[in-house]
Each structure stands twice: as C-alpha cells, then as structure tokens.
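Me: Can you walk me through this one? I'd like the layout, then the details.

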Amino acid sequence: MNALDHRKLGAKLDLFHQQEDAPGTAFWHSKGTTICLLLENYVRSEMQRAGFLEVRTPQLMSRTLWERSGHWSKFGDHMFVFEDGNRQYALKPMNCPGHVQLYKQHIRSYRDLPLRFNEFGVCHRYEPSGALHGLKRVRAFTQDDAHVFCALEHVNGEVSRFCRLLQRVYRRLGFDDFKVGLSTRPDNREGADEIWDAAEAALANAARAAGLSYRTQPGDGAFYGPKLEFILTDCQGREWQCGTIQLDMVLPERLDLSVANSDGERVRPVMIHHAVLGSFERFVAMLLEHHRGRLPFWLAPDQIVITPVSDQQDEYAREVSDQLASMGLRCRVDTADETLSRRIVFARELMIPVFIVVGKREANNRSVSIRELDGKQMTLSIEEAISHLKKLET
Ligand SMILES: [Zn+2]
C-alpha cells in the first residue's frame, strides 16, 4: 500500500481502523474523532449562518414510509432491512424522508419558505464486500445533509448561496477550485417526464445564473431529481466527487407536500437536497491524501507538542500548555524519557504542526522556542506565541 494511502496514514497517525467484524465501517480513534468534530462544527457554523435549522431524525423507519418515498423500489438494493414481528424496517440510506416528516408537522405558508433543515445524519447503504475500500467506499457514513423546502422562484438564489458556501469551505480546507457536473435523469427513476423536464431546466438555469460552467453527465441523477456535483482535484491529480445539490420535484409529489400560496391555495413546494462535504468518511480520506497527512493547523488533532529540555522545566511546560489550552489550542506536554532530538523526530512523524521546546533560558525569560513542521523557528514570549498560533488557525 502506498505510504500516502489514507488507510496507511490513518494507522500511522492513530486516527481510525477497520476490522472484519464491521465491514465497511470505521472505528474512529480519539484523534480521528477530533478531526470529524472539527469539520462538523465548522460546517455547522456555516449552516447556521445560512439560516438552517439543525435536526435529528430516526435511524430506523418502517417499510411503508420507504415505499411511499420510492426508496423501497428504486433504492431497495442498497438498504439494510430488519424484521420486527410482522413489520419491516430499514436503516436510513438518506435523511430526506425524515426531513419531509418534519416539514409536514405544520401547515406551511409561502411566508415560511425557504425552510431549511440540516442534519449530521448517519446513513447506511449496502455495498458488496468486494467494492469496499477504506473510508472511500463504506457501508456506514455521516453526511452533512441538508434540505431546503422552497418555491421554484427560490431555486436560483439557493443554488448561488450554496456555491458561495462551497467555495468558502473548500478554500479553508485547501482546495482553490472545483469542477461541476450536471447529472440528468437516470433510467431507474420516479416521476413523470414533464416533472424531470422542469427540474432539469430549472437546475441548469440556476447553474448558469450562479456563473458555473459544467459538463453534463447523462443518466447520473438521483432517482428523484437532477443534481449538480462538485468535483475536487487532489494533489495527485485525482478527482473526488464531494458536494452535491439536487433539485427534487418528485418527493414533494409522492409524499404530498403542500404550501399555501399568497392566494391561499395549496400548491407544491420543491425540495433541494444538498451536502457540502458529502460523506465525512470520504472527505477525511481525501483530506489525508491531499495534504499527505499534514492537515491544516486548525484541523490537526494535536496542534502543539511542548517538550521540556529537562525535568526542571516540567512545571513551566505544563503552565505554558495550560495557557495555550485556555485559548482553545490543542496541545500536550511530552515528558517521555527520550532525547530531545528523538522527541522532535516522533513529533515530525506524527505530523504535529508545532513543536515547542522549553529549556532553562525559556523558563527564566518566560518564553518559548517554536519549531514548525515546515522548518520555521522562532523564540517568542508566551503572549506572542499565543497570538502567533491563533493566527495560524485562521
Ligand atoms: Zn436528500
């Protein structure tokens, strides 16, 4: 296995593992969990700013709901099904039908739209064991999933908003550009051709209005609607499909959604599905390979290791660590019984971005000696070090 393979990096950096007892699923270690939580909280703050309401919906729902949504007949081969007495249930492969139930809890007026829900939902999809591949192809994954219930005239604005959000998020994660594909109606689909004509035209129009140039991918749409797919290229030139936005006029029809228009008539809203990262598992795999394990400072599980030159500086090292931690920086003190140069080597192997040495001189001056993974070195007071490190986070 290539040293830059995410599975290899995941083991070396102590992020996650997989074992035969849970095929296609990750056991996230503490450091890997930290990365997932940092990503999740970052996306959460962006979604809140964009007016989304965060929700949670059931993992297991009855066959009758999946039949009504169309998943049972069109997506059933990918669903894990369970019996409970004479009822059947399926683990959710998507969050959409759950969000529709939330929409239907109230009578909706056009003034309520666009209504936006988001969920960090764990989904399960069956994949044959031969197709499973590390975190890239899994059976259980967390999606940064979101649904917007709106009128057709909102679609352009929502697509533009989504593109700006994607650009900002991808840039922060180290990607300056993306390619876009417009996936159109698949053979295996729900909904009449007129509905698909309208949905494809509206999504293509919204893509042009947002200034996107896209390639058309005939037949690659979801069973309920066409989608725009956002493709990132990693440092090795490989393409990864990550974000997606889909326009759906089928589920609102099948699940009988309505909204009162300004004349008080009940009309159908449309539904937009979107995910910025897609699956966290896949996105972490891509980040690891793209950055060769050296994640951006803000995303590194251990950002800083502080090492005292001798045990006489242990107390000062802990004091520095406490001060950095109180500023929200993730650091630990390394008092291992090793030479300083060995400890530097270990920290480098673990790709820890900042290594701080405190010796007698630093303890006397109340300063720290900083060595960054890219080779920069400097000696700063504790206060200067905090402001320098906080700047690295932005
Ligand atoms: Zn959806």
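Reply: Domain bounds here come from an automatic or database domain assignment. That assignment gives domain 1 (6-290) and domain 2 (302-393). Their C-alpha centres lie 41 Å apart.

Me: What kind of model is it, and how are residues numbered?
Reply: It is a predicted model: local features need pLDDT of at least 70, side-chain atom pairs count only at pLDDT 80 or more, and totals for chains, interfaces and linings use all residues. Residues are numbered from 1 along each chain as its sequence is written.

Me: Which residues touch the most other members of the largest nonpolar core?
Reply: Val-284, Ile-306 and Ile-356, in a core of 89 residues. A nonpolar core is a set of buried Ala, Val, Leu, Ile, Met, Phe, Trp, Tyr and Cys residues joined through C-beta atoms within 7 Å. Buried means 20 or more other C-beta atoms lie within 10 Å of the residue's own; exposed means 12 or fewer, partly exposed in between, with C-beta atoms placed from the backbone.

Me: Which helix gives this core its largest share?
Reply: Helix H9 (residues 280-290), with seven residues. Helices (H or I, at least four residues) and strands (E, at least two) are DSSP runs, numbered from the N terminus. The core draws at least three residues from each of domain 1 and domain 2.

Me: What is Ile-356 in contact with, sequence neighbours within four places aside?
Reply: Ile-304, Ile-306, Val-320, Val-368, Ser-369 and Ile-370. Contact means C-beta atoms, placed from the backbone, within 7 Å.

Me: Switching to sheets. What is the strand order in the five-strand one?
Reply: E17-E16-E18-E19-E20, an open sheet with mixed pairing. Two strands pair if DSSP finds at least two bridges between them. E17 (331-333) and E20 (377-381) are the edges; each has a single partner strand, so one side of each lacks a neighbour in the sheet. The twist averages 25° from one strand to the next.

Me: How many bridges join E19 and E20?
Reply: Five, with E19 (residues 367-372) antiparallel to E20.

Me: What about the three-strand sheet, what's its order?
Reply: E4-E6-E5, open and antiparallel. Four bridges join E5 to E6 (residues 87-91). Asp-84 has Arg-87 in E6 as its bridge partner.

Notes. Contact = placed C-beta atoms within 7 Å. Axes fitted to C-alpha atoms, helices over the stretch in contact; angles between N-to-C directions.
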